[in-house]
Amino acid sequence: MAFPLSILDLAHIGDGETAGDSFRASVTMAQRAEEWGYQRIWYAEHHNMPSIASSATSVLIAHVASQTQTIRLGAGGIMLPNHAPLTIAEQFGTLETLHPGRIDLGLGRAPGSDQQTMRALRRNPASADDFPQDVLELQGYLTGESRIPGIDATPGKGTDVPLYILGSSLFGAKLAAMLGLPYAFASHFAPTALEDAVALYRREFQPSRQLAEPYVIAGVNVIAADTTEEAEAQFLEAKRSRVTRFLGRGQTFTPEEADVILASPAGQQLLQMAKYSGVGTAAEVRDYLDRFAKQAQADELIVVSMAPDRKAWLRSLELLSPITGMSGG
């Protein structure tokens, strides 16, 4: 693979687990990923989701950074309309000050939650309209060129934490191009507009102080195992698990019931979310990632392991690791 490979850690809380279990697993995975040569690990801001522990994203990044040495860590992403730009500048300025040269800040405009949770966050539904202006305000704090007279981020001012625009539509692509920022597309769960968005971004990109040439990161699901059959079995288990998580509404299903739902229109829509998934042995998944990177015109891939348990999760990432890949293992 002739491109950097990174990881999106969803900080999953498994059945019978606690948030503490999830955090310990994230630290272990980050330590291994550092050894295995991955470029970066990102964590996403989600709220009111019982299976995801990364709601306080900057706090989790700080914890993992304190337990690792070199790997880049960041948000993939912070949902900026949930926050004052000054607050995020201070948080990530603090992270960069504590861990110089290791911190990324990916920014999205979605709520990261449902409508009721959005209200609990005191978020105005119209706040997403201000996303471009909020990005510029945040950027000003981090570069030391504040757009608000008399207001500086301390820590934050002059840290130049690199910004990334996250998106799953043409809006984010257009904004990233206009601001001259790297663009990360959420093709691991929203595949529909991938090629159109990347083409628009590359076509309209304007060089900036942060970035001279367009840079695309594309998300992709992976399950690598020692045999193809084992990987396919894990993939089926992951798809059945998604039925319960996304369509169950508190109800659980037998494997047979889940398969029936997967064959329904609602199930097919769920499967479409995982359109870009590499499943198989290490060699088979690497071949898939090579093809996907070309299709997506991606400079870097960020993988999301759909493996159904911690052991399979780590094994999948180990098999695909850049160091293993370079050695042909």
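A: Start with Q297, which is found in the loop between helix 11 and strand 9 (300-305). Bear in mind that this is a predicted model.

Q: What is the phi of Q297 like?
A: Positive, about 50°, although Q297 is not a glycine.

Q: Is Q297 buried, partly exposed or exposed?
A: Q297 has a relative accessible area of 40%, so it is partly exposed.

Q: Which residue other than glycine also has a positive phi, near 60°?
A: That would be N48. N48 sits in the loop between strand 2 (40-43) and helix 2 (57-66). Its relative accessible area is 59%, so N48 counts as exposed.

Q: OK, peptide bonds. Where is there a cis one with omega near 5°?
A: Between G76 and G77. G77 belongs to strand 3 (residues 72-79).

Q: And which residues does the cis bond with omega about -5° join?
A: T154 and P155. P155 is in the loop between helix 5 (131-143) and strand 5 (163-167). For context, most peptide bonds are trans.

Q: Switching to the surface. Which residues form the negative patch?
A: E229, E232, E284 and D287 form it.

Q: Which helices supply them?
A: Helix 8 (228-247) and helix 11 (282-296) each contribute at least two residues of the negative patch. D287, for one, lies in helix 11. D287 is partly exposed because its relative accessibility is 44%.

Q: What about the inside? How much of the protein is buried?
A: Buried residues account for 52% of the 329 residues. One to look at is A30, in helix 1 (residues 19-36). A30 has 0% relative accessibility, so it counts as buried.

Q: How far is A30 from R40, C-alpha to C-alpha?
A: 9.1 Å, with the two residues 10 apart along the chain.

Q: Zooming out, how many helices and strands are there?
A: The protein has 13 helices and 9 strands. Its radius of gyration is 19 Å, close to the 20 Å that the globule rule gives for 329 residues, so the protein is as compact as a globular protein of that length.

Q: And what box do the C-alpha atoms fill?
A: Roughly 60 × 45 × 40 Å, taken along the principal axes.

Conventions. Residues numbered from 1 in each chain as written. Predicted model: local features only at pLDDT ≥ 70, side-chain atom pairs only at ≥ 80, totals over all residues. Heavy atoms only, no water. Patch = residues over 30% accessible without salt bridge, like charges linked within 9 Å, V, L, I, M, F, W, Y side chains within 5 Å. Areas by Shrake-Rupley, 256 points an atom, 1.4 Å probe, with all protein chains shown as cover. Salt bridge = Lys/Arg side-chain N within 4 Å of Asp/Glu carboxyl O. Lys, Arg positive; Asp, Glu negative; His and termini not counted. Charge placed at Lys NZ, Arg CZ, Asp CG, Glu CD. Helix = DSSP H or I, 4+ residues; strand = E, 2+ residues; numbered from the N terminus. Buried < 20%, exposed > 50% of the residue type's maximum accessible area, 1.4 Å probe, protein only. Rg over C-alpha atoms; globule rule 2.2 N^0.38 Å.
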